[in-house]
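Thanks for coming. I have one structure to go through this morning. Please have a look at it before I start.

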Amino acid sequence: MRASQFFIATLKEAPSDAEIVSHQLMLRAGLIRRLAGGIYTWLPMGLRVLRKVENIVRQEMDRAGAIELLMPAVQPFELWEESGRGPKYGPELLRFKDRHQREFVIGPTHEEVITDVVRREIRSYRQLPRHFYQIQTKFRDEIRPRFGVMRGREFLMKDGYSFHASYADLEREYRNMYDSYSRIFSRLGLKFRAVAADTGAIGGTGSHEFHVLADSGEDAIAFCPASDYAANVELAEAVAPTKVGAGETVKLAAPMEKKATPNKTKCEDVAAFLGLPLTQTVKAIAVMAEKEGGSEFVLLLLRGDHDLNEIKAQKVVGEFRFARDEEIVDALGCKAGYIGAVGFNGRVVADRSVAVMSDCVCGANEEGYHLTGVNFGRDLPQPETVADIRNVVEGDPSPDGKGTLELCRGIEVGHIFQLRTKYAEALKCTFLDEQGKDQVMEMGCYGIGVSRIVGAAIEQGHDERGIVFPAGIAPFAVAIVPMNYAKSETVRAAAGALHAELLAAGIDAILDDRDERPGSMFADWELIGIPHRVVVGERGLLVGKLEYKGRSDTEATMVAASEMTAFLKQKLCDG
RNA sequence: CGGGGUGUGGCGCAGCCCGGUAGCGCGCUUGCUUUGGGAGCAAGAUGUCGAGAGUUCGAAUCCCUCCACCCCGACCA
């Protein structure tokens with residue numbers, strides 16, 4: 001490829017609406033352009049990257065025994081009614097009507113469609129197991145698309161679905177996918193981690209997420225350095241404290257007292273104001289839980305230094321939303337910031353760590369006042385429900401009993417589920433077993449966010465000059481940068497010869513024949529993140545040499561022109 | 001959807017408080033020079049100031065409505 005025939009659309013300054021590095025760099029390097037919120041055009045340079053990711057994913061899926069097919073993006077809504085997922089998916093599902101007033105959706109995922117295919121095509125245990133996958137554009141009408149391609153509404157995804165005659169066989173395939181995914185992310189050159197995950201809206205039982213480790217990641221991961229335990233914080237269990245007070249709160253059974261705490265609404269402020277440790281405060285979070293025929297006001301109690309885990313809480317109290325100010329005043333006679341469970345006679349759910357506290361500090365249900373020396377069983381009844389409803393924090397004991405947890409951040413790029421019979425049952429996807437008996441198929445599903453990987457790779461690989469792509473997914477492997485291309489015939493000839501030689505050797509090289517100034521050519525290729533650069537200049541050619549520099553190298557090295565192809569081949573193998 | 005913010009040539013911004021000829025840098029076009037780290041000189045082109053309504057002799061600037069986008073929260077690959 002010659003630069004003059006390609007399309008290079010680099011920008012000196014990043015558009016101001018891009019927040020995180022990967023988004024800014026993708027815009028600046030001319031990989032993508034925004035069309036509408038969360039919807040992007042992949043410019044030729046970006047498309048090359050996307051295709052390289054896609055091909056690695058495809059190769060490994062094929063190698064793992066999955067079979068590629070392509071399903072429609074547009075799906076009849078009836079299928080979603082049949083699976084029962086239509087209402088649950090909600091407004092994220094983009095729905096529309098065709099000219100005959102028939103309802104359709106643009107597929108956010110394809111469990112329904114694939115199950116429909118399989119239920120029509122597969123009848124016998126002899127045809128199982130089967131694993132189908134596709135690499136296709138999805139649409140999810142995200143509430144808040146952001147971070148460019150990392151959370152777009154339209155995005156490219158690899159989604160695979162496996163069908164089995166038995167759970168044991170599903171487990172086998174699940175492990176197979178776990179290994180394949182690990183291989184894929186290794187080949188992509190990413191630092192990643194597989195973590196146990198919540199199953200979310202897709203449903204099912206076993207589930208692992210694959211996260212690219214990056215500080216800008218939207219997910220928090222808890223892991224134990226002393227064991228192989230790793231889980232999404234959404235799921236990671238905060239184990240019940242074994243000792244009363246967990247070594248931090250001392251049992252004093254002090255009398256309950258009301259203290260004026262003007263304008264101190266946050267636990268941090270109250271603790272500092274009263275000169276007490278934050279771990280002695282209890283925060284009360286008011287929620288409205290869905291109940292038949294209306295909603296119920298519920299107080300969730302957490303230790304002051306802990307955060308609510310809404311997913312865990314949802315499993316205890318059911319679907320809920322945060323209570324509005326007027327609802328709080330209605331139930332407790334006081335506005336948020338000074339509320340507490342003392343004197344409240346509705347439903348109270350306490351976190352496990354709260355249940356073992358004594359002499360707590362909590363809101364007095366009176367504006368400007370908090371209570372100290374509050375004790376369960378004396379000042380208020382023991383909480384009706386004690387459960388794990390908080391996020392784990394650094395230093396919590398690992399749920400596997402081997403050491404303590406640490407936290408890091410990640411970008412979810414893959415997710416594997418054991419769906420079991422959830423969809424197969426709803427859509428009556430059955431087969432005849434060896435006894436000729438009708439059985440519901442066991443199902444697994446496996447997703448990879450192909451377009452998101454591009455963003456994640458850049459989050460992980462960049463410096464002050466631009467993108468540092470892993471060798472496997474860079475748009476070009478080598479950039480040939482000639483000096484004074486327009487005027488120097490020797491340079492032109494040498495650069496052309498090297499270009500031809502590299503192409504013949506199967507190396508994806510681009511020749512920068514734009515006759516730009518050297519500085520802007522260097523800047524462009526560094527911004528775009530090409531791993532290898534060869535400068536062809538008259539000075540070097542006089543002694544038969546070319547200059548090589550890797551994207552992360554600090555110094556360039558001179559290589560004999562005749563050796564350059566072999567030299568690069570070696571570099572590409574190492575990379 | 002709740003809270004916060006921003007919309008001015010392709011990109012980055014100033015101008016807005018205090019109404020009076022729409023500006024700067026980069027980029028773009030042409031010419032000459034230059035050619036190993038985003039060149040220099042000269043000459044140019046490019047704007048419904050997000051949209052609509054209003055106040056006013058006069059609106060980018062003040063008022064109202066709407067739209068788009070960004071950030072923080074609940075969703076997910």
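One term first: a polar contact here is a pair of N or O atoms within 3.5 Å. With that cut-off, a sugar or linking oxygen of RNA strand B and a polar backbone atom of Glu-412 make such a pair, because they are 2.8 Å apart. Keep in mind that this is a predicted model.

Let me stay with the RNA. For Arg-151, an N or O atom of the side chain is 3.0 Å from a base nitrogen. For Glu-526, an N or O atom of the side chain is 2.4 Å from a base nitrogen. Which elements give two or more residues to the surface near RNA strand B? They are β8, residues 154–164, β21, residues 406–420, α14, and β29, residues 532–536. The biggest share comes from α14, with 7 residues.

On the RNA side, take the atoms within 4 Å of the protein: 45% belong to sugar or phosphate, and the rest to bases.

Back to α14, which covers residues 518–528 and contains Asp-524. Is Asp-524 buried or exposed? Its relative accessibility is 11%, and buried means under 20%, so Asp-524 counts as buried. Not counting residues up to four places away in sequence, Asp-524 touches Ile-8, Thr-10 and Arg-514.

Ile-122 sits in the loop between α5, residues 111–121, and β7, residues 130–139. Setting aside neighbours within four places in sequence, its contacts are Gln-127, Leu-128, Arg-130, Thr-430 and Met-441. Compare that with Arg-144, which is 22 residues from Ile-122 along the chain: their C-alpha atoms are separated by 40 Å.

Last, the overall layout. Chain A is divided into three parts: domain 1, made of 3–236 and 408–458, domain 2, 244–387, and domain 3, 476–574. How many Å separate the centres of domain 2 and domain 3? Taken over C-alpha atoms, the separation is 66 Å.

That is what I have.

Technical notes. Residues numbered from 1 in each chain as written. Chains lettered and ligands numbered in written order. Predicted model: local features only at pLDDT ≥ 70, side-chain atom pairs only at ≥ 80, totals over all residues. Heavy atoms only, no water. Helix = DSSP H or I, 4+ residues; strand = E, 2+ residues; numbered from the N terminus. Buried < 20%, exposed > 50% of the residue type's maximum accessible area, 1.4 Å probe, protein only. Contact = heavy atoms within 4.5 Å. Domains from an automatic or database assignment. Near = heavy atom within 4 Å. Polar contact = N/O pair within 3.5 Å; in protein donor to acceptor, adjacent residues only side chain to side chain.
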